[in-house]
Amino acid sequence: MTDTTNAPQNLSAIDFLRTRSLANVVQAEIERMIIDGELKPNERVNENGLSQRLGVSRGPIREACSALAAMGLIEIIPNRGFFIRALTNDEAQDLSEARAGVFGCMAMILAERITDAQIGILRALLARMDEIVKLGDVHVYYPVNLEFHKQITHMAGNNRLELIYQSFVRELHIQRYRALSSHDVLHISNEEHRAIVDALEARDPIRSLIAARTHILNGIVRTRRAGQPTGT
């Protein structure tokens, strides 16, 4: 249930909830703009420009930017405003290595408890990505890729590890998206996905850990080749 006890005194509870809902929609759109590269690293968020573009007041935009700052996608600079966060090479490396370790651990856990039905879900996502690879369209592939990883982390059944993993995912969205920018990379990425599912279907924890961790580590190499992130 949404907490309305802290709603501004001049707003009714319904108005407050409506404002929060609008901020969520604005947040999703700004996050999409960041991932798609419409908003560049280190770029200042133009609140007036977004207000006109999205047809909302600056209030929901500021609330959305504050939420995205908590997620690590935006940086708040006092007296200057909101800026799109640019990860340094060292920050991206640390986050990616941590993500690789957590993802590998969750795949290892899942291998010990995965059901045939869950394997079917992962196989269906693999088949969907195979079809998208033929199109070579990263815009279509990326959301399915995210869902594949999300399913594995959710199926593992460890809420604490899932929360940690998703925090890494948010901060690394831009780098992961751009690392999947060519047709050949999409094909390689999904072959690595297939190796993970094969290991899970074999109910082999060590093989699953290695396949999952290797997939993320290979992604670090692909990110470097894509020239991301910029910064030192």
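This is a predicted model: local features need pLDDT of at least 70, side-chain atom pairs count only at pLDDT 80 or more; totals for chains, interfaces and linings use all residues.
I will start with Ile-114, which is found in the loop between helix H4 (89-111) and H5, where helices (H or I, at least four residues) and strands (E, at least two) are DSSP runs, numbered from the N terminus. Residues are numbered from 1 along each chain as its sequence is written, and side-chain values use heavy atoms, with hydrogens and water left out.

Back to Ile-114: it counts as buried because its relative accessibility is 5%, buried meaning under 20% relative accessible area, exposed over 50%, and partly exposed in between (1.4 Å probe, protein chains only). If residues up to four places away in sequence are not counted, Ile-114 touches Ile-119, Leu-122, Leu-200 and Arg-203, with contact taken as heavy atoms within 4.5 Å. The C-alpha atom of Ile-114 is also separated by 7.9 Å from that of Ala-156, which is 42 residues apart from it along the chain.

As background, most residues other than glycine have a negative phi.

Now the protein as a whole: it has ten helices and two strands, and from the N terminus on the elements run α-α-α-β-β-α-α-α-α-α-α-α. Of its 232 residues, 43% are buried, and of the contacts with a separation of 6 or more, 72% are between residues 24 or more positions apart.

Which helices have axes that come within 10 Å and cross at roughly 165 degrees? They are H5 (residues 116-135) and H6 (residues 138-155), the axes being lines fitted to C-alpha atoms, for helices over the stretch in contact, with angles running from 0 to 180 degrees between N-to-C directions. That makes H5 roughly antiparallel to H6, since angles under 35 degrees count as roughly parallel, over 145 as roughly antiparallel, 65 to 115 as roughly perpendicular and the rest as oblique. On the H5 side the contact includes Leu-122, Leu-125 and Met-129, and on the H6 side Val-144, Phe-148 and Ile-152 are among the residues. By class, this contact of H5 with H6 has 13 nonpolar, three polar and two charged residues, where Ala, Val, Leu, Ile, Met, Phe, Trp, Tyr, Cys and Pro count as nonpolar, Asp, Glu, Lys and Arg as charged, and the others, Gly among them, as polar.

The second pair is H2 (residues 47-54) and H3 (residues 58-71), whose axes come within 9 Å and cross at roughly 115 degrees, which makes H2 roughly perpendicular to H3. Here Glu-47, Asn-48, Leu-50 and Ser-51 in H2 meet Arg-58, Ile-61 and Arg-62 in H3, and the residues of this contact divide into two nonpolar, two polar and three charged.
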